[in-house]
Amino acid sequence: MKINSFDIDGVIYMGKYDGLYPNKNDIIITGRSFEEEEETIRMLKRKGINNKVYFNPLPFDKKTRKSSGEHKAKVLSSLIEDGMDIGIHFEDDYIQGCVIEKSVPQINVVLVNHNLVEKENVRHNG
Ligand SMILES: [Mg+2]
């Protein structure tokens, strides 16, 4: 079964707007740090989203757009290696999209293009 992968900030989370929703078996790969897990799961649950989330292993103040892209690429390629059939990764950050396309060419990166949320590190308390 083909599934898709979703970024959180700028894809699922769009600030005061409502973002995209993953399907039942889809996965979420976020640049958000493991340190942000609690507030992130709370926000997702409020939206009724219970999909598996892969957090960034880097601490919040150490992550960059490039290293977030590398984290997503690493997760995607290891899941593909494990036999997961992932078709699309939805992403809003061009820099991260390029990193993913370069290192996991079998993934189709679909860029969600807008300026509704910040692309740099922002901590969310929602
Ligand atoms: Mg994003």
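Predicted model: local features only at pLDDT ≥ 70, side-chain atom pairs only at ≥ 80, totals over all residues.
Student: How many residues does α2 have, and what is its reach from first C-alpha to last?
Tutor: Helix α2 has 17 residues and reaches 24 Å, close to the 24 Å expected at 1.5 Å a residue. The expected span is 1.5 Å times one less than the number of residues. Helices (H or I, at least four residues) and strands (E, at least two) are DSSP runs, numbered from the N terminus.

Student: Which residues of α2 are buried?
Tutor: The buried residues of α2 are Ser68, Gly69, His71, Lys72, Ala73, Val75 and Leu76. Buried means that 20 or more other C-beta atoms, placed from the backbone, lie within 10 Å of the residue's own; exposed means 12 or fewer, and partly exposed lies in between.

Student: And what covers them?
Tutor: The cover over the buried residues of α2 includes β1, β4, β5 (53-56), β6 and α3.

Student: Turning to α3, which of its residues are buried?
Tutor: In helix α3 (residues 94-103), they are Gln96, Gly97, Val99 and Ile100. These residues lie on the same side of α3 because they cover an arc of only 160° around the axis. The arc is taken over the directions from the helix axis to the C-beta atoms. Among the elements covering them are β4, α2, β6 and β7 (108-111).

Student: What is the order of the strands in the sheet?
Tutor: The five strands form an open sheet in the order β5-β4-β1-β6-β7, with parallel pairing. At the edges stand β5 and β7, each pairing on one side only. The twist averages 25° from one strand to the next. Helix α3 packs on this sheet, touching β4, β6 and β7, and its direction makes about 170° with that of β7. Such angles run from 0 to 180 degrees between N-to-C directions of lines fitted to C-alpha atoms, for helices over the stretch in contact.

Student: Over how many bridges does β1 pair with β6?
Tutor: Strand β1 (residues 2-6) pairs with β6 (residues 85-91) over five bridges, in the parallel sense. Two strands count as paired if DSSP finds at least two bridges between them. Asparagine 4 has isoleucine 88 of β6 as its bridge partner, and lysine 2 stands opposite aspartate 85. With β4 (residues 27-33), β1 forms two parallel bridges, and there phenylalanine 6 is partnered by isoleucine 28.

Student: A change of topic: why does tyrosine 13 count as buried?
Tutor: Tyrosine 13 counts as buried because it has 24 C-beta neighbours inside 10 Å. Tyrosine 13 lies in strand β2 (residues 13-14).

Student: Which residues does tyrosine 13 touch?
Tutor: Leaving aside residues up to four places away in sequence, tyrosine 13 touches Ile8, Gly19, Met43 and Val117. A contact requires C-beta atoms, placed from the backbone, within 7 Å of each other. The C-alpha atoms of tyrosine 13 and leucine 44 are separated by 8.5 Å, although these residues are 31 apart along the chain.

Student: Finally, how many helices and strands are in the protein?
Tutor: The protein has three helices and seven strands, running β-β-β-β-α-β-α-β-α-β from the N terminus on. Of its 126 residues, 33% are buried.

Terms used
Residues numbered from 1 in each chain as written. Contact = placed C-beta atoms within 7 Å.
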